[in-house]
Amino acid sequence: MNSQPKGDTVSINLANAQNGIEIIVSNPGNKIPEEHLPKLFDRFYRVDKSRQRKNEGSGIGLAIVKSIILTHKGTINVKSDEYSTRFTIFLPKN
């Protein structure tokens, strides 16, 4: 199972939203099962433990991202389907 098809591109979209800004990061690849989505922001969590390789990340990146967003009183949500996984970030203007 390939997490990102070769040649596909991660896209980042920004938009003004009521009282803030919305950022959507879309990462092409296989669907992440629904039961794993809430855990993606946990430190060291891996959807597939057998896929960890040498020189790969430590599994704390999304935990750090969530911490920064919450510090700025924002939110982050994730959705995944058979085409991509999308992270939607909202940051308030104030």
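**Overview: the whole protein.** The accessible surface of the protein comes to about 7,000 Å², and carbon and sulfur atoms account for 53% of it (Shrake-Rupley method, 1.4 Å probe; for residues, only the protein chains shown count as cover). Please keep in mind that this is a predicted model, in which local features need pLDDT of at least 70 and side-chain atom pairs count only at pLDDT 80 or more, while totals for chains, interfaces and linings use all residues. Residues are numbered from 1 along each chain as its sequence is written, and side-chain values use heavy atoms, with hydrogens and water left out. Of the 94 residues, 23% count as buried (under 20% relative accessible area; exposed is over 50%, and partly exposed lies in between, with a 1.4 Å probe and protein chains only). Among contacts between residues at least 6 apart in sequence, 46% join residues at least 24 apart (contact: heavy atoms within 4.5 Å).

**View 1: threonine 85 and its neighbours.** Threonine 85 belongs to strand E4, which covers residues 84-92, and is buried at 6% relative accessible area. Leaving aside residues up to four places away in sequence, threonine 85 touches Val25, Ser26, Asn27, Asn30, Ile32, Val78, Lys79 and Ser80.

**View 2: the salt bridge of arginine 86 and aspartate 81.** Here the two side chains meet at 3.4 Å, N to O, and the count of salt bridges comes to one (a side-chain nitrogen of Lys or Arg within 4 Å of a carboxyl oxygen of Asp or Glu). Side chains of opposite charge can pair when their charged atoms come close. Arginine 86 is partly exposed at 25% relative accessibility, and aspartate 81 is partly exposed at 23%.

**View 3: a nonpolar surface patch.** Val10, Ile12 and Leu14 make a nonpolar patch of about 290 Å² (patch residues have over 30% relative accessible area and no salt bridge; like charges are joined within 9 Å, and nonpolar side chains, namely Val, Leu, Ile, Met, Phe, Trp and Tyr, within 5 Å). Valine 10 sits in the segment before strand E1 (11-17) and is partly exposed, with a relative accessible area of 38%.

Note on methods
Helix = DSSP H or I, 4+ residues; strand = E, 2+ residues; numbered from the N terminus.
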